[in-house]
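Q: Could you walk me through one surface patch and then a helix and ring pair elsewhere in the fold? I'd like the close-up version, please.

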Amino acid sequence: MAETMKKQADSPDLVYGLEDRPPFGNALLSAVTHLLAIFVPMITPALIVGGALELPVEMTAYLVSMAMVASGVGTYLQVNRFGPVGSGMLSIQSVNFSFVTVMIALGAGMKEGGLTKDAMISTLLGVSFVGAFLVCFSAWLLPYLKKVITPTVSGVVVMLIGLSLVHVGITDFGGGFGAKADGTFGSMENLGLASLVLLIVLIFNCMKNPLLRMSGIAVGLIVGYIVALFLGKVDFSALQNLPPVTLPVPFKYGFAFDWHAFVVAGAIFLLSVFEAVGDLTATAMVSDQPIEGEEYTKRLRGGVLADGLVSVIATALGSLPLTTFAQNNGVIQMTGVASRHVGKYIAMILVLLGLFPVVGRAFTTIPSPVLGGAMVLMFGLIAIAGVRILVSHGIRRREAVIAATSVGLGLGVAFEPEVFKNLPVLFQNSISAGGITAVLLNLVLPEDKTEAAVKFDTDHLEH
């Protein structure tokens with residue numbers, strides 16, 4: 001108790017510091033609060049990829065279950081800091097949205113090439129398995145990579161991720177790919193259901209209570225699901241004849257590799273490193289830890305190394321790649337609990353949930369319009385997060401030119417995928433095309449240090 005009081009005196013914003021051990025009740029409550037912030041975004045990527053690639057229900061459910069198991073394992077590695085692995089902070093691991101659009105685009109190409117669903121998913125996960133080692137290697141090159149990929153480059157990439165995903169969100173908003181097939185896409189029933197979810201999320205987002213704001217997406221999905229039940233839009237057939245436990249099976253669908261897909265996915269892996277660096281830095285700040293010096297460098301290296309190793313484990317088990325989640329930094333600020341020991345509770349809960357197949361299958365019964373109502377806002381916020389990164393250090397003419405050119409080419413590929421069909425495969429994906437353009441321009445265009453940057457106050461965007 002005396003140690004806790006001393007920590008509170010040193011840092012008034014923290015109730016429990018990094019090394020404090022909250023009582024069981026407080027730790028469990030804080031763990032549940034963190035889970036509220038990440039649970040929907042954690043399982044959504046698997047649902048999106050499964051729906052867009054028309055994977056069988058049992059395959060999508062397995063991806064969801066393994067996302068929870070891998071997130072639990074990854075969180076445990078991060079908070080415990082085994083040797084050089086892990087940040088040693090309350091760094092929560094979850095599925096990386098950066099790969100959703102890439103997985104869908106690559107998977108669609110494989111489908112057109114005649115691959116079976118099992119062969120397609122084994123190739124996508126195999127490519128991700130190998131690509132995750134790039135993140136591990138990058139952990140030791142961070143000082144050099146920071147000179148290449150600046151906030152301008154990172155902002156462009158995150159913005160393109162959000163803008164590219166909006167297409168997926170609005171498709172589900174209208175009823176999803178199934179509705180397109182049966183002619184009900186854009187029906188008033190689908191639009192009304194999606195709009196109800198969106199309205200509830202917006203109402204909760206306007207509330208002053210931080211816990212209610214954070215719970216908005218979950219509440220919106222629950223209400224939308226209940227309404228969908230009354231409308232007869234929920235199919236429970238996927239919940240029949242389930243085994244009691246889902247055991248992780250390494251390379252359940254086999255292992256395959258494709259060099260063209262690896263080049264695209266590898267670029268996204270490298271660009272995701274800097275998203276992780278930003279998230280880890282923010283975690284250090286809200287946890288009252290140094291953000292410069294040797295200890296900070298060790299935490300960054302350990303956090304990124306854990307990101308890579310966790311993605312290796314995740315993709316081997318059958319989950320999409322993972323990364324450190326930014327949402328939890330807001331939870332630390334809201335609750336004042338920065339204790340890394342809370343992460344052990346989060347890890348245990350996630351693994352337990354992932355082992356019961358009924359949990360993963362239950363999420364596959366959520367109708368597309370219900371998901372779409374929440375996803376349109378979620379993906380829009382990802383794009384806005386990219387804007388925040390872009391303007392965080394001010395915008396000069398040079399940065400404006402880099403961003404405008406990169407976003408223009410990136411979105412151009414999204415609108416007209418055939419435009420760069422004669423160029424290397426890297427330029428045939430909107431995110432990698434925009435990201436690579438930003439990196440090249442950042443290296444080539446000279447800096448004008450005499451020009452003043454136009455700075456923006458982005459603090460208000462946090463609330």
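A: Val358 is found in helix H16, residues 357–364 (helices are DSSP runs of H or I, at least four residues, numbered from the N terminus). This is a predicted model, where local features need pLDDT of at least 70 and side-chain atom pairs 80 or more, while totals for chains, interfaces and linings use all residues. Residues are numbered from 1 along each chain as its sequence is written, and side-chain values use heavy atoms, leaving out hydrogens and water.

Val358 is partly exposed, because its relative accessibility is 44% (buried is under 20%, exposed over 50%, partly exposed in between, with a 1.4 Å probe and protein chains only). Together with Val245, Leu247, Met348, Leu352 and Phe356, Val358 makes up a nonpolar surface patch with about 560 Å² of accessible area (Shrake-Rupley, 1.4 Å probe; members have over 30% relative accessible area and no salt bridge, and nonpolar side chains join within 5 Å, like charges within 9 Å; a salt bridge puts a Lys or Arg side-chain nitrogen within 4 Å of an Asp or Glu carboxyl oxygen).

Now for the helix. H12 covers residues 259–286 and contains 28 residues. Of these 28 residues, 20 are buried, leaving H12 mostly covered. After H12 comes Asp288, with a positive phi near 60°.

And the rings: the structure has 11 aromatic pairs (ring centres within 6.5 Å; planes under 30 degrees apart are stacked, over 60 edge-to-face, the rest tilted). One of them joins Tyr62 and Tyr253 edge-to-face, at 6.0 Å centre to centre and 85° between planes. Tyr62 sits in helix H3 (57–80) and Tyr253 in the loop between H11 (216–230) and H12, so the pair ties together parts 191 residues apart in sequence. Tyr62 is buried at 5% relative accessibility, and Tyr253 is buried at 17%.

Methods
Helix = DSSP H or I, 4+ residues; strand = E, 2+ residues; numbered from the N terminus. Expected span 1.5 Å × (residues − 1).
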